[in-house]
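Please read them with the structure open beside you.

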Amino acid sequence: MVRFTYTISDIQGLHARNALQLARAAEDYKCRIRVSCREKDVDGKQVLSLMELGGRCGDILTFTMEGADEAEAGAYFKALVKEVL
């Protein structure tokens with residue numbers, strides 16, 4: 001299992017565009033990807049689920065990858081969140 005946290009720095013928070021980027025990237029991996037924020041935990045491969053988190057600037061997101069390619073997914077997402085969030 002790979003787990004890391006990221007504090008949202010985008011002033012608009014977790015919105016449709018960056019949720020779509022995260023979900024599309026997650027679809028490329030076989031492992032299970034979960035994202036949690038403020039006690040909500042959702043499937044990282046579903047755009048609407050990510051938007052349900054309602055992540056705002058300053059909120060902490062926790063990413064959890066579990067499965068065959070978890071290390072690769074974790075490394076990729078650590079870099080991706082810095083670009084999109």
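1. First, a term. Two strands pair if DSSP finds at least two bridges between them. Helices (H or I, at least four residues) and strands (E, at least two) are DSSP runs, numbered from the N terminus.

2. On the source. This is a predicted model, in which local features need pLDDT of at least 70, side-chain atom pairs count only at pLDDT 80 or more, and totals for chains, interfaces and linings use all residues. Residues are numbered from 1 along each chain as its sequence is written, and side-chain values use heavy atoms, with hydrogens and water left out.

3. Overall fold. The protein chain holds three helices and four strands. Their order along the sequence is β-α-β-β-α-β-α. The radius of gyration (taken over C-alpha atoms) is 11 Å, close to the 12 Å from the globule rule for 85 residues, so the chain is as compact as a globular protein of that length. That rule is 2.2 Å times the number of residues to the power 0.38. The C-alpha trace spans about 35 × 25 × 20 Å along its principal axes.

4. Contacts. A contact means heavy atoms within 4.5 Å. Of the contacts with a separation of 6 or more, 68% link residues 24 or more positions apart.

5. β2 and its hairpin. Strand β2 (residues 32–37) pairs with strand β3 (residues 40–43) in the antiparallel sense, over four bridges. Here Cys37 stands opposite Lys40. Two residues lie between the strands of this hairpin, and Arg38 takes a positive phi near 45 degrees.

6. β4 and its partners. Strand β4 (residues 60–66) runs antiparallel to β2, joined by five bridges. Arg32 stands opposite Glu66, and Ile33 has Met65 as its bridge partner. β4 is also antiparallel to β1, with six bridges. On that side Phe4 stands opposite Phe63, while Tyr6 has Leu61 as its bridge partner.

7. Burial. Buried means under 20% relative accessible area, exposed over 50%, and partly exposed in between (1.4 Å probe, protein chains only). Buried residues make up 48% of the 85 in the chain. β4 is mostly covered, with five of its seven residues buried.

8. The two faces of β1. Which residues of β1 form its covered face, and which its uncovered one? Val2, Phe4 and Tyr6 are covered, whereas Arg3, Thr5 and Thr7 are uncovered. In a regular strand the side chains alternate between the two faces of the sheet.

9. A loop residue. Ile11 sits in the loop between β1 (2–7) and α1 (16–26). Is Ile11 buried or exposed? Ile11 is exposed, at a relative accessible area of 77%. Ile11 and Leu85 are 74 residues apart in sequence, yet 8.8 Å apart in space, C-alpha to C-alpha.

10. Surface and charge. The accessible surface (Shrake-Rupley method, 1.4 Å probe) comes to about 4,900 Å², and 48% of that belongs to carbon and sulfur atoms. Lys and Arg count as positive, Asp and Glu as negative; His and the chain ends are not counted. Each charge is placed at NZ of Lys, CZ of Arg, CG of Asp or CD of Glu. There are 12 positive and 13 negative side chains, and the centres of the two sets lie 3 Å apart.
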